[in-house]
Amino acid sequence: MPNTADVIIIGAGVQGASLAFHLTRRGVKVVVLEKSFIAAGATGRSSGLVRMHYDVRQDSELAWVSFQYFRNWRQMVGGDCGFTRTGFIQLVGPGDEETLRANVAMHQDIGIPVILVGADDVRRLAPSFSTADIEWAAYEPESGYAMPSDTANAFINAAREESAHVVQDCAVTGLMLTGGKVSGVQTSQGEFSAPVVVNAAGAWAGKVNQMAGLDLPYDTWRHDTMFVARPSEMGPGHPTVIDFANEMYFRPEGGLTLVGLEDGNPLGESPDSDTDHAKKGFVERGIDRICRRIPAMENGGLHSAHGGYDGITPDQHPLLGASGPEGFYLDCGFSGTGFKTAPAVGLCMSELILDGKATTVDLSIYAPQRFAEGRQVVGDHPYVSIWR
Ligand SMILES: Cc1cc2nc3c(=O)[nH]c(=O)nc-3n(C[C@H](O)[C@H](O)[C@H](O)COP(=O)(O)OP(=O)(O)OC[C@H]3O[C@@H](n4cnc5c(N)ncnc54)[C@H](O)[C@@H]3O)c2cc1C
């Protein structure tokens, strides 16, 4: 097993996998070191929503570039990402209609297929929804969801075909420096050397930053989700939805509906805590919310519930770029929304590392130094923070 590379990536979640894929496509020798197994972290628990609605232009641009991968996966990557088109509806609370309108205009300017729709349209798209509180919504007819583990594995398989080495059950325990520059890492399976090391360690990335002597604001974020079996009277499916008014999102998967909540997601817990079970009280809150939007769900049944951990930053946006010793890069802190943008982030990070600048989408707003410099990522027409 070669222990020398051009670039070492710490973490085989969807972000590390996407970066490995894009670097190997440019002939770079990559080693991916993963303490557990591929997609063992947030990626394996992700709800997999694929939509472009954001209030920050660069977020939408990254999601739109990524969308080209999801819908052309076999040609662009190979294998399968499990993309399912359901259509996506963004519902907002009272008072956010003007913000919605402005953000939809921004999305249309990028070229994203999206229109503003009224309550009648929402009823036609989703007859089982309660629409009494809806005046306007955004509708993305092409959007839907994908399978996060399959996505990460497809990226890794394609990277392996281009000579990437992926070492699982291999925890990075220290960063090696020579003359103040990155020269490799120490791991549970010995030393690996490379002049570039990328931290794609998700909820564990704060610890890896400390190995590099970095003191950046970084926390862990816990998020529970549940699957509910839909009652037959609801029909075969429904669109994927973010419902700000009920602080919730949901999407179909076969005869089940996946539900996640925007509030009550604890910060600061160990990412090694139990994720096989949802926290006490989550299922009751989730059922109450989904029944508010879809009254027929009162006849549904709980299928399963579990949780996951992601890394989160103070502005709920990732840390992307060089920081600390020369050769050390951050690709972490996706704050609960880093699945759908992973293809484009991997492409842009490969441009940043190899060419000195990301050109597909400018990543400079996500620079890790922004907090020290008193900047945060905020949209021109911001909604309140999604996670509360
Ligand atoms: C429940 C849940 C639902 C979500 N739903 C959505 C959604 O619908 N849409 C969306 O866009 N985003 C969603 N997200 C967010 C998205 O899943 C994450 O932002 C994304 O998966 C992060 O990928 P990652 O590669 O950065 O992290 P991870 O997938 O966590 O990967 C990091 C990897 O690093 C490894 N690692 C950590 N430390 C070390 C070390 N020292 N040495 C070696 N390896 C190490 C870990 O084992 C892990 O496999 C959700 C997140 C959660 C938790």
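Trainee: How far is the sulfur of Cys-348 from the closest cysteine sulfur?
Mentor: This is a predicted model, in which local features need pLDDT of at least 70 and side-chain atom pairs count only at pLDDT 80 or more, while totals for chains, interfaces and linings use all residues. Residues are numbered from 1 along each chain as its sequence is written, and side-chain values use heavy atoms, with hydrogens and water left out. A disulfide is a pair of cysteine sulfur atoms within 2.5 Å. The closest sulfur to that of Cys-348 belongs to Cys-332, and it is too far for a bond because the distance is 16 Å.

Trainee: How many disulfides does the structure hold?
Mentor: A disulfide is a covalent bond between the sulfur atoms of two cysteines. The number in this structure is 0.

Trainee: Is Cys-348 buried or exposed?
Mentor: Buried means under 20% relative accessible area, exposed over 50%, and partly exposed in between, with a 1.4 Å probe and protein chains only. Cys-348 has 0% relative accessibility, so it counts as buried.

Trainee: What is the radius of gyration of the chain?
Mentor: The chain has 10 helices and 20 strands; helices (H or I, at least four residues) and strands (E, at least two) are DSSP runs, numbered from the N terminus. The globule rule, 2.2 Å times the number of residues to the power 0.38, is compared with a radius taken over C-alpha atoms. For 388 residues the rule gives 21 Å, so the chain is as compact as a globular protein of that length, with a radius of gyration of 21 Å.

Trainee: What share of the chain do buried residues make up?
Mentor: The C-alpha trace spans about 65 × 40 × 40 Å along its principal axes. Of the 388 residues in the chain, the buried share is 59%.

Trainee: Which residues come nearest to the ligand?
Mentor: Near means that a heavy atom of the residue lies within 4 Å. There are 37 residues around the ligand, which divide into 17 nonpolar, 15 polar and 5 charged. Here Ala, Val, Leu, Ile, Met, Phe, Trp, Tyr, Cys and Pro count as nonpolar, Asp, Glu, Lys and Arg as charged, and the others, Gly among them, as polar. The nearest are Glu-34, Thr-43, Val-172, Asp-310 and Lys-340.

Trainee: What is the phi of Ser-335?
Mentor: Most residues other than glycine have a negative phi. Ser-335 is in the loop between strand E20 (328–332) and helix H10 (342–355), and it counts as buried because its relative accessibility is 1%. Although Ser-335 is not a glycine, its phi is positive, at about 55 degrees.

Trainee: What is the relative accessibility of Gln-316?
Mentor: Gln-316 sits in the loop between E18 and strand E19 (319–322). Its phi is also positive, near 55 degrees. Gln-316 counts as buried because its relative accessibility is 17%.

Trainee: How far apart in space are Gly-93 and Ala-137?
Mentor: Gly-93 lies in the loop between strand E5 (88–91) and helix H5 (97–110), and it is buried, with a relative accessible area of 10%. In sequence, Gly-93 and Ala-137 are 44 residues apart. In space, C-alpha to C-alpha, the separation is 9.8 Å.
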